[in-house]
Amino acid sequence: MILTAAHINPPIKAILRTMLHIDDAAVAAIPMRGPLILATNHINWLDAPVGFSHLHPRQVTAFAKIETWDKFLMRTLFNAWDAIPITRGQVDFTAFRKAEEALKTGKLIAVAPEGTRSRDGKLNQGQPGIVYLALRTGAPILPFVLYGHEFLGESYRRYQRPRMMMKAGRPFRLIHPGTNPDRVARQELTDEVMYEIASLLPEQYRGKYQPIDV
């Protein structure tokens, strides 16, 4: 039998909710239909199973580093989630074509512009891949964050169950006259997305994206 998201998400969600206090009220703000880019932070390994299981039954996909498919269990999970393998450190045109096709079919695609885990919860520099995807497809971006689960080990050593928060912002679209902005414009647009993500986070998580004084 080929496992699908419908098979694995309900039990994964139940297990996770025994491990964590998960405040998932923000999920109700996410549209159930239509193409959408979910721009999110990336703290640790819990982000993917929490995100996929709690967004269910919304049709969801996401980028995941290609090395994820090296291990049987991870390969099984991410295939069930219909995730898109991406090679980091270069522009992976195959991955982006798959993402564009997913959006055309009305799926939600989760993108972590940081490109890798922060581990401590503080935002790192955003990478421009999300800009290409948003400009080429015209899909709206919805900022979405998870936090509170960055120090699991410490919480469990104190016999505490960590509280994981989810927050969602409002959808917006990037505005630029074309689909291939230059380097400066790419970074400006990337930072625009990152500041939207940062605005949903408590100050201690904003890292490189603290509010700009004007």
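This is a predicted model: local features need pLDDT of at least 70, side-chain atom pairs count only at pLDDT 80 or more; totals for chains, interfaces and linings use all residues.
View 1. The T68 side chain gets to within 2.9 Å of a backbone oxygen, the one belonging to K65. T68 itself sits in the loop that links β3 (60-65) to α3 (72-80). Is T68 buried or exposed? Its relative accessibility is 10%, so T68 counts as buried, the cut-off being under 20%. If you skip its neighbours within four places in sequence, T68 is in contact with M74, R75 and F78.

**View 2. How α4 packs on α5.** The axes of these two helices run 11 Å apart, at an angle of about 45°. That angle makes α4 oblique to α5. As for handedness, α4 and α5 cross in a right-handed way. On the α4 side, the residues at the meeting point are F96, A99, E100 and L103; α5 brings G129, L133, R136 and T137.

**View 3. The largest nonpolar core.** Which elements each supply at least two of its residues? The helices are α4 (93-104), α5 (129-137) and α7 (183-198), and the strands are β2 (36-40), β4 (84-86), β5 (108-111) and β6 (141-147). Another core, of 30 residues, lies apart from it, with L20, I30, W81 and A110 among its members.

**View 4. Zooming in on L174.** Leave out residues up to four places away in sequence, and L174 touches V131, A134, L135, I141, L189, E192 and V193.

Methods
Residues are numbered from 1 along each chain as its sequence is written. Side-chain values use heavy atoms; hydrogens and water are left out. A nonpolar core is a set of buried Ala, Val, Leu, Ile, Met, Phe, Trp, Tyr and Cys residues joined through side-chain atoms within 4.5 Å. Buried means under 20% relative accessible area, exposed over 50%, partly exposed in between (1.4 Å probe, protein chains only). Helices (H or I, at least four residues) and strands (E, at least two) are DSSP runs, numbered from the N terminus. Contact means heavy atoms within 4.5 Å. A polar contact is a pair of N or O atoms within 3.5 Å; within protein, one must be able to donate a hydrogen and the other to accept it, and residues adjacent in sequence count only if both atoms are side-chain atoms. Axes are lines fitted to C-alpha atoms, for helices over the stretch in contact, and angles run from 0 to 180 degrees between N-to-C directions. Angles under 35 degrees count as roughly parallel, over 145 as roughly antiparallel, 65 to 115 as roughly perpendicular and the rest as oblique. A crossing is left-handed if the near helix is turned anticlockwise from the far one by less than a right angle, and right-handed if clockwise.
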